[in-house]
Every structure is written in C-alpha cells, then in structure tokens.
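Work through the exercises below with the sequence and the model side by side. Try each task before reading its solution.

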Amino acid sequence: MIKHMIELFKSGSRDILAALQGYQLAGILGWQDIRQRYRRSSLGPFWLTISMGVLIAALGFIFGTIFGAPLKQFLPFLAIGLIIWTLITTSLNEGCTGFIAAEGMIKQMPLPLFTYIMRVLWTNLIIFAHNLIILPFVLLIFWLLPQATALLAIAGLVLLMLNLSWLALIFGIICTRYRDVPQIISNLLQVSFYLTPIIWMPEMMPKRAGLLLLNANPFFHLIEVIRAPLLGGVPSVLNWQVCILLAIFGWIFTILFYGRFRSRIAYWL
Amino acid sequence: MTRISLNNVCVDFPVYNSTSVRSLKSHLIQAVTGGRVGSNDRGYVVVRALENISLDMKEGDRIGLIGHNGAGKSTLLRVICGVYEPTGGCIKVKGKITSLIDIGLGMDSEATGIENIYLRGALMGFRRRWLSTKINEIAEYSGLGNYLTMPLRTYSTGMQMRLAFSIATLEQPEILIMDEWLTVGDAEFQEKAQQRLKEIVQKSSILVIASHSLELVGQICNRVVRLERGALVT
C-alpha cells in the first residue's frame, strides 16, 4: 500500500519536475496564446486592461451607491478583488480544458503533460500583469500610498499560484475524462464569486453569518493574502494558515492522483 | 547503446461516447480493418489497437513497419515515442527519440518565420539560446532568407514545409521515427532535402519507419515488421 503510494508519487512528480525544467517551452506557448488572441489588434492585451477598468468603475459606482460604502474604501477593495478573482477563474476554467485544447500536441509529442497546465497559468499570469496596471491609478486617486507591508502581497501571489496550479492540474485531469465537469466547475466558480467578498465588503455582513461565509471559503483566504497587504493591512494568521495548508495537502493529493492517471490522459483525448 | 524493447505490449483505446458501438459490436468484429473491438473488464467498449507486441530493436536496426490502414502502425510509433503508455506489457527505450511525424505541428500561421523557429524548436526540446545561433543557418538552408521576418500565412505550402524540415533536421537524432518518407518542396529543394534526410537516417542509431511502400522499405530497411489488425505477423 505505502509502496504503491510512493510509486505513484514518484511517477507524478517526475512529470511535473520535467515540465518545470522545460519551463521555457511553457513560457513560449503561453506567450503564443496571448499573441494569437490579440494578433493584429493595435492595443492587444491592453484591451483587457481597459475593459477591466471600465468594469471596476461601473461596479464601483453601482454597488458603492447601493451599499452606501465610501468610495475611498470600496473602490480599491473592489479593484484588487476583481483583478485577483479574474486570475482565479480564468486559470481554473482554462485549466479544465488545458489538456483537451492541446489534444493535437499531446497525441503527437511526448512532452511532460504538466507543461500544458503551466502554459495556462502563465498565459493568465501575463493577463493578470496587464490588469494590474489599473491598480496604481485607483490607489493614487484616493491617495492610498502603499506601506512596506505591501511587499507581503508578493508572498501572497506565490501562495495563490501554488494553489491554482494544483487545482488547475486536477481539474484538467478530471475534465479530460468527464467532459461535463468543465460546465459544473464554471458554474460553481460563478456562485463563489458572489459568496466571496469581492463586490461586497466583510464589514457589510451581519456578524455571525459573515464569519461562516468568510472562514469556510478558501477563495476568501486566497484573495485576502494579496488584497490585505495592498490595502495597507496585514493578512490574518488564519488566512496564511489556510493558504499554506491548502497548498501542501492539495499538492500531495494531486501528485498522487496525477501519478495514477497521467498515462491515461492521452487515451481519454 | 541505444535499444528499444517491447515486451507483450498491448494498447486498448477506450470508447466512452458510443452506446451504439455496443449494439454494433457484433458487426464491427467482422470488420476487415482496424483493431479488434471488445469490452474491457469494466464493461467499456475498447478498441484493441495493439496486441502482444514483442520486439527488440538494437543499434543498426532499420525497421520498416508495414500493414494495412488501421493495422496499428501509427499507434506502435506513438508507443515507441512515449505518447501512449502501453495498457499491457512494457516498453523500455534507451536513447533519445526524434520523431519526424508531423514536423509542422504547433506552428502558428500568424507568427513570423523566426517566431515559428523558436516555437517549433522549443517543442523539439531545443534551447532558445542555441536556436538563436541557428537562425542564419536555417535562413540559408531553407532558402527563405528575409522571408523569415514575414508571417507564416504569407508562405506557400512548400515554403512552410521547407521551414519545418529545416528546423526538424537541425540535430542528428539517435533514434529516428518516421511515418512515411518525407518529401519536401520543389524539385531543387527536394534533392537537397533528400540528401540531408538520407544522411540523417544513415547516421541514426535506430530507424523505425512506417510505410505502405514495399519498395522504400526494401531500399532502406534491414528488418521488416508486418502488422495485421494490431498483431505481429511473422
């Protein structure tokens, strides 16, 4: 039993390490995806920046008015939350189809399969970087100068990516076999958007219901480790704990799962 | 020492999306081509593409795979490449495999020739820095010259193949896998390409080529392997 587990772990991590070693390939494929999407458009991926900016302005105005929240607090909160959330949903949704979309290559070339997940993550990280341009403007408008603690957001981003990568990988495997799952996942993500404090602030919730919604929601912790430092605060110990434990146990489980099913992926395509 | 050894290799493709195949099963079994259709222990419909293949290929072997459509030639090549892990039996490969199947795969028609060199080169496992030293060589050999700065969609089919071929043959392979002999470009380039291809084949340690042409196999191979409906015929 234990021996079998170790075998699975080895086989799963071998592929992942090989993919990490060939990070250049994932990088090129990721850039290629961006280029392909915006080829011959003069603004290219900056269209995303613009549409994100418009979305933030519109949502900020509407929900700020509805909730009667002061814009100085609400708008930066919304902007950061929405940008991070976009990274989360697009990574996971595209992770679901990461292997399916690469069918032609997978069936022809024996590349480490985790490469295709890294490609999805890299593409979305590039888009995230484009969206991030909005942030300094929003912070400057309200004269919210970043504190030294803002650097913690980098650690937060690393934690988020670590978690997104195992989630994207495991979703990718399951969705390749069961083609209805992408729809289910995208639906669940849509619901999570409203359950997670992005367009509403935790303070707006009645105390007890809010606590349950927040602490039981992993997305809240994943967003908070980046958002809190950028807004001049510090993430709570619980935020950190959940993100770190989720990354560790998530990865262990995913490597075992991957070790078991990796060789089946080409057959499922 | 390069070596490929297959031991009782079986490949079963699951067919998940067809309930109708089951009712058709009895008919399909009588089909003249393709793998045998059956069901596995969990009740799924499976197509047995390869059945108990045992082969040992050593240095100097030039293997010609022959057989009808659906005999399992391409599947066997992909098993050797490592795309499919056998569902039964095992395969051991010693040496680096280069596949010349679908050498244009992954190229982007909107990207320039140079971008495609990096893209295609990365897929073949070449480092970016090493590739950048090869650009001039590729430009000259392919005869594309300044065209390399233009998007691939402005190339003719022949020009695209020239580029793909020039990238694919940058490095001398150890184990070479081919699906039919490659013919590239116009008469002039073809001669050049044939020469390079022959040289590569000669220098490679093991060659495995699937082909329908007995003449070709007779010319370049020293071992013929015949597949029929997924099984070896001796």
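The exercises that follow treat helix packing between and within chains, then single residues.

The model is predicted: local features need pLDDT of at least 70, side-chain atom pairs count only at pLDDT 80 or more, and totals for chains, interfaces and linings use all residues. Residues are numbered from 1 along each chain as its sequence is written, chains are lettered from A and ligands numbered from 1 in the order in which they are written, and side-chain values use heavy atoms, with hydrogens and water left out.

**Exercise 1.** Describe how α2(A) packs against α3(B).

Solution. Two packed helices are described by the angle between their axes and the distance between the axes. Helices (H or I, at least four residues) and strands (E, at least two) are DSSP runs, numbered from the N terminus. Axes are lines fitted to C-alpha atoms, for helices over the stretch in contact, with angles from 0 to 180 degrees between N-to-C directions.

- Step 1: the axes of α2 (residues 23-38) of chain A and α3 (residues 113-123) of chain B come within 9 Å and cross at roughly 140 degrees.
- Step 2: that angle makes α2(A) oblique to α3(B). Angles under 35 degrees count as roughly parallel, over 145 as roughly antiparallel, 65 to 115 as roughly perpendicular and the rest as oblique.
- Step 3: A:L25, A:I28, A:L29, A:Q32 and A:R35 in α2(A) are in contact (heavy atoms within 4.5 Å) with B:E115, B:Y118, B:L119, B:A122 and B:L123 in α3(B).
- Step 4: by class, this contact has 7 nonpolar, 1 polar and 2 charged residues. Ala, Val, Leu, Ile, Met, Phe, Trp, Tyr, Cys and Pro count as nonpolar, Asp, Glu, Lys and Arg as charged, and the others, Gly among them, as polar.

**Exercise 2.** Is B:R162 buried or exposed, and what does its side chain reach?

Solution. 

- Step 1: B:R162 is found in α6 (residues 157-168) of chain B.
- Step 2: B:R162 has a relative accessible area of 15%, so it is buried. Buried means under 20% relative accessible area, exposed over 50%, partly exposed in between (1.4 Å probe, protein chains only).
- Step 3: the side chain of B:R162 reaches the backbone oxygen of B:S142 at 2.9 Å.
- Step 4: the side chains of B:R162 and B:D186 are joined by a polar contact of 3.1 Å. A polar contact is a pair of N or O atoms within 3.5 Å; within protein, one must be able to donate a hydrogen and the other to accept it, and residues adjacent in sequence count only if both atoms are side-chain atoms.
- Step 5: B:S142 is one of the buried residues of α5 (residues 135-142) of chain B, and α6 is among the elements that cover those residues. Just after α5(B), B:G143 takes a positive phi of about 75 degrees.

**Exercise 3.** Where is B:I66 found?

Solution. 

- Step 1: B:I66 is found in strand β4 (residues 62-66) of chain B.
- Step 2: B:I66 counts as buried, because its relative accessibility is 6%.
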